[in-house]
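Please keep the sequence and the structure in view while reading.

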Amino acid sequence: MKIKITGIGSYIPEKKISNADFSNHVFLNEDGTAFGYPNDVVINKFKGITGIEKRRYAEDHYSSSDLAFFASQKAIENAKIDPETIDYIIFAHNFGDVKKGAIQSDMIPSLATRVKHKLQIKNPKCVAYDILFGCPGWIEGVLQANAFIKSGMAKRCLVIGSETLSRVVDDHDRDSMIYSDGAGASIIEASDDESGLLSYESGTYAMDEANFLYFGKSYNPELDPDTRYIKMHGRKIYEFALNTVPAAMKNCLEKSGLGIDDVKKILIHQANEKMDEAIIHRFYKLHGKPVPKDIMPMSIHELGNSSVATVPTLFDLLIRNEIKDQTISKGDILLFASVGAGMNVNAFIYRY
C-alpha cells in the first residue's frame, strides 16, 4: 500500500512587503551596536544571499489558524471529498496563533481543533492535533499520515502547514527580512495505483544543533529583554544543512530503488536560495552528476520563507502551473526535502 496526495491547496496572503519596505528599519548587531553601512547595502547583500525580493504578511485580522482554514478549504475542494470523512487533522506550526501587535502565543485549543471547528466537522472521530517540528513540519505530518493509513488507523488525513512568522521577528535583526506568512494543506489517502509516497527519511539532531534556532531578546537593548523573538545562527545552520540534507536525500532515494536520473523535480524548503542551491549541488555531487536545468522550482523570490508552509505551497503552485518554466506530468518522480529547528531533517520520494 502507498499513500498519495489527493488534494492540495494554499493560502498566500495579499499583503506584499518588498525589500524596499525595510529601508528605514534600524538594524543592529547582536550587541546592540549600529551597522557600519547603510540599509541599502544591507538589503542588497541580503537579496544576493537569500534571493528574496518580496514576502507576504498575513492581513492584520487573520491568524495562522485562519490561513490554515483557507488552505484546507481549497485542499478539500481539490480532492472532492466530504470533510466529515477526514480521520485526522495534523497541523504543523511553530508559534501558534499570534495576534498582530501581540507578544503572546495562543495554542489552546490546538490550532488543528480550530481548523476542525472552522470547517464545521461534527464527526468526533476526526482527531485533530498539532505538531511542532520546525520548518520540516508539513513533511513530517505527511509521514505521520502515512503511518496512520498503513496501520489501518485512518483512511484519510488532512495535513496542514501554516505560520505567521512576521509576528515573532525582531525588527532590529536583519534576519527578520527572511520570514513571511502563509499556509499549505493537503489531503492524504491510500493509493490504488502506482502514484504516491515511495520512501522517506527523517531525523532530529539535538546536540549542539538543538539551539541553532531559538527564541532570544531583541538586538535593541532599550526593549524589554523578557520579550522574545525568533533568532538563528545562520552560518551554523548553513553548514549543518550542507552536511546533512544531501545525505538524507541520497538515503531516501536509495530506499525507493530509483536512480538519480529518475528524479524530475526537487521541492525543497524555501529557506535561502544560496543554501538550497548548495544543497542540490552537493546532492548531485554525491552521485557524480551535474545538476539538471530547472530541477528545483523556487517560490522564495516572491513569497519569502513561511516555514512549514513553503513546501506544500510550492507543490500547489507547481501543480497549477504558476511557477515560470516549471511543469510536472503524471508519473514524474519528485523529491521533497526540508530542514529546520530541532535541528530536524526529512525527505520523501513521491511518484506524481
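## Cysteines

C126 is buried, at a relative accessible area of 2%; here buried means under 20% relative accessible area, exposed over 50%, and partly exposed in between, with a 1.4 Å probe and protein chains only. C252 is likewise buried, with 0% relative accessibility.

How many disulfides does a search of the whole structure find? The search finds zero, where a disulfide is a pair of cysteine sulfur atoms within 2.5 Å. For C126, the closest cysteine sulfur belongs to C157 and lies 9.1 Å away, which is too far for a bond. C252 is in no disulfide either, and its nearest cysteine sulfur, in C135, is 19 Å away.

## Basis of the model

The model is predicted: local features need pLDDT of at least 70, side-chain atom pairs count only at pLDDT 80 or more, and totals for chains, interfaces and linings use all residues. Residues are numbered from 1 along each chain as its sequence is written, and side-chain values use heavy atoms, with hydrogens and water left out.

## The largest pocket

The largest pocket holds about 1100 Å³ of space. Of its 43 lining residues, D175, I178, M232, H233 and G234 are the closest to its centre. On a 1 Å grid over the protein atoms alone, a pocket is an open set of points where a 1.4 Å probe fits, with protein on both sides within 12 Å along at least five of seven lines; lining residues have an atom within 4 Å of a point. Grid points are joined across faces, edges and corners, and the volume is the space filled by probe spheres set on the points.

Among the elements that each supply at least two lining residues are β9 (213-217), β10 (228-232) and α5 (234-256). The largest share, five residues, comes from α1. Helices (H or I, at least four residues) and strands (E, at least two) are DSSP runs, numbered from the N terminus. By class, the lining has 25 nonpolar, 11 polar and seven charged residues. Ala, Val, Leu, Ile, Met, Phe, Trp, Tyr, Cys and Pro count as nonpolar, Asp, Glu, Lys and Arg as charged, and the others, Gly among them, as polar.

## Residue S23

S23 is found in the loop between β2 (15-18) and α1, and is partly exposed, with a relative accessible area of 37%. Leaving aside neighbours within four places in sequence, S23 is in contact (heavy atoms within 4.5 Å) with N39 and I43.
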